[in-house]
Amino acid sequence: MATIRDVARLAGVSVATVSRVINKTDSVNPETAGQVLKAIEQLQYEPNAVARGLAGKKMGIIALILPDILNPFFPALARGVEDVAHKKGLTVILGNSDDLGLKESSYIKVLKKKYVDGFIFASNTIREEDVEALRNERIPIVLLDRGLNTASCAVIRSNNRQGAKIAVQHLIEQGCQRIAHIYGPQEFITARERMLGYEEVAGRLNGYSPSLMVSGNFDIDSGRKAVEQLLARHPDLDGIFAGNDLMAVGALKALNERGIRVPEQVKVCGFDGIGLTEITEPELTTVAQPVYEMGGLAARILLDEIESGVRKNKLIELDVTLIPRKSTQ
């Protein structure tokens with residue numbers, strides 16, 4: 001493989017001149033630059049990425065850390081990040097943290113050594129001190145979906161509370177009066193906001209009771225088990241708002257196993273807008289987040305900060321959309 005010294009020898013210039021042409025750090029005489037570029041092409045020289053990164057402080061790599069790649073919500077988020085990064089010529093390194101703080105810290109430690117240009121975290125476990133440590137090292141960071149309400153970096157998520165209110169109001173408009181809520185882990189700000197939105201609207205109904213709320217874990221099995229608890233407490237419930245689509249799918253499964261007709265006896269609404277909601281029986285009503293757009297926006301904000309060096313400290317909440325389907329109509 002050709003080296004930078006081979007290029008310099010063939011072009012009749014110094015190694016420093018070749019480096020300046022490659023990294024575009026200083027003005028080089030156009031004729032000299034042409035000789036260098038011609039030598040690079042002739043030798044098929046590929047500059048060492050690490051060396052270029054050390055010289056220019058840019059590696060063309062960003063890291064995306066997700067909590068659970070098996071959840072269909074997160075691949076769509078990752079695709080939004082990747083498409084924007086790819087158009088800008090950047091590579092995305094993907095990590096799966098399993099919502100484990102130690103695993104996340106390990107990613108940060110290792111990837112910093114790889115000279116990544118910035119981080120995007122869709123995380124519940126990242127700590128404020130981790131964010132500040134990256135900031136102190138001037139490494140750009142964006143928090144996505146489950147991130148902290150922090151003033152030290154950009155945070156992007158959907159308007160979860162408003163989305164929950166829309167979901168419950170839709171169930172009321174369809175005739176429901178005893179509406180249950182399967183809520184996600186309360187350490188997740190998204191789950192807390194959705195529960196608050198549910199309480200704000202459902203709490204005004206005559207049929208409301210706090211016992212209509214049951215915890216889940218944002219997966220299908222916990223949604224199924226939550227319905228078992230709900231029916232034991234309230235066999236006359238007529239609506240279910242699940243804190244995400246996977247739990248809503250579990251709810252549909254549990255109702256079907258008991259011969260309870262959806263939507264005739266119980267209406268079900270989820271939250272997220274994942275593709276799985278279109279193939280359930282019946283098709284699932286959901287409050288759709290602009291998942292792909294969220295990922296793309298996170299990438300654009302991060303890349304802008306990488307290029308400009310200007311810190312973006314703001315919380316951005318994107319609008320959600322109700323998609324009514326047969327599970328409520």
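Biologist: Which side chain makes a polar contact with the side chain of Arg135?

Modeller: This is a predicted model, as are the values that follow. Arg135 is found in helix H7, residues 128-136. The side chain of Arg135 makes a polar contact at 2.3 Å, and the partner is the side chain of Glu305.

Biologist: Is Arg135 buried or exposed?

Modeller: Leaving aside neighbours within four places in sequence, Arg135 is in contact with several residues, including Pro140, Ile141, Cys153, Arg311 and Asn313. Its relative accessible area is 5%. Buried means under 20%, so Arg135 is buried.

Biologist: How many disulfides does the structure hold?

Modeller: Cys176 is in no disulfide, and the nearest cysteine sulfur, that of Cys269, is 10 Å away. A disulfide needs the two sulfur atoms within 2.5 Å. Cys269 is likewise in no disulfide, with the sulfur of Cys176 as its nearest at 10 Å. The number of disulfides in the structure is zero.

Biologist: Are Cys176 and Cys269 buried or exposed?

Modeller: Cys176 has a relative accessibility of 1%. For Cys269 the value is 0%. With the limit for burial set at under 20%, Cys176 counts as buried, and Cys269 also counts as buried.

Biologist: How many salt bridges does the structure hold?

Modeller: One of them joins Asp236 and Arg178, with the closest N and O atoms 3.2 Å apart. Another is formed by Asp221 with Arg224, where the closest N and O atoms are 2.8 Å apart. The structure's salt bridges number 13.

Biologist: How many residues apart in sequence are the parts that Asp236 and Arg178 tie together?

Modeller: Asp236 forms a salt bridge with Arg178. Asp236 lies in the loop between helix H10 (220-233) and strand S8 (239-242), while Arg178 lies in the loop between helix H8 (160-173) and strand S6 (179-183), so the pair ties together parts whose separation in sequence is 58 residues.

Biologist: Which helix holds both Asp221 and Arg224?

Modeller: Asp221 is partly exposed at 35% relative accessible area, whereas Arg224 is buried at 19%. The two are three residues apart, about one turn of the helix, and both lie in helix H10.

Biologist: What separates Glu257 and Lys253 along helix H11?

Modeller: Glu257 forms a salt bridge with Lys253, the closest N and O atoms being 3.7 Å apart. Glu257 is partly exposed at 46%, and Lys253 is partly exposed at 43%. Because they are four residues apart in helix H11 (residues 245-257), the separation is about one helical turn.

Biologist: Which residues are linked with Asp221 and Glu257 in a network of salt bridges?

Modeller: The Asp221 pair with Arg224 is a salt bridge, and so is the Glu257 pair with Lys253. Both pairs belong to one network, whose other members are Lys225, Glu228 and Arg258; the residues linked with Asp221 and Glu257 are therefore Arg224, Lys225, Glu228, Lys253 and Arg258.

Biologist: Which element gives the most residues to the largest nonpolar core?

Modeller: This core has 43 residues, and among those touching the most other members are Ile182, Tyr198, Phe241 and Leu255. Elements giving two or more residues include H8, S6, H10, S8 and strand S9 (267-272). With seven residues, the element that gives the most is H11.

Biologist: How many residues are in the other core?

Modeller: Leu255, in the largest core, is in contact with Val227, Leu231 and Ile240, among others, leaving aside neighbours within four places in sequence. Apart from that core lies another, with Leu64, Leu90, Ala122 and Leu297 among its members, and its size is 30 residues.

How values were computed:
Residues are numbered from 1 along each chain as its sequence is written. This is a predicted model: local features need pLDDT of at least 70, side-chain atom pairs count only at pLDDT 80 or more; totals for chains, interfaces and linings use all residues. Side-chain values use heavy atoms; hydrogens and water are left out. A salt bridge is a side-chain nitrogen of Lys or Arg within 4 Å of a carboxyl oxygen of Asp or Glu. Buried means under 20% relative accessible area, exposed over 50%, partly exposed in between (1.4 Å probe, protein chains only). A polar contact is a pair of N or O atoms within 3.5 Å; within protein, one must be able to donate a hydrogen and the other to accept it, and residues adjacent in sequence count only if both atoms are side-chain atoms. Contact means heavy atoms within 4.5 Å. A nonpolar core is a set of buried Ala, Val, Leu, Ile, Met, Phe, Trp, Tyr and Cys residues joined through side-chain atoms within 4.5 Å.
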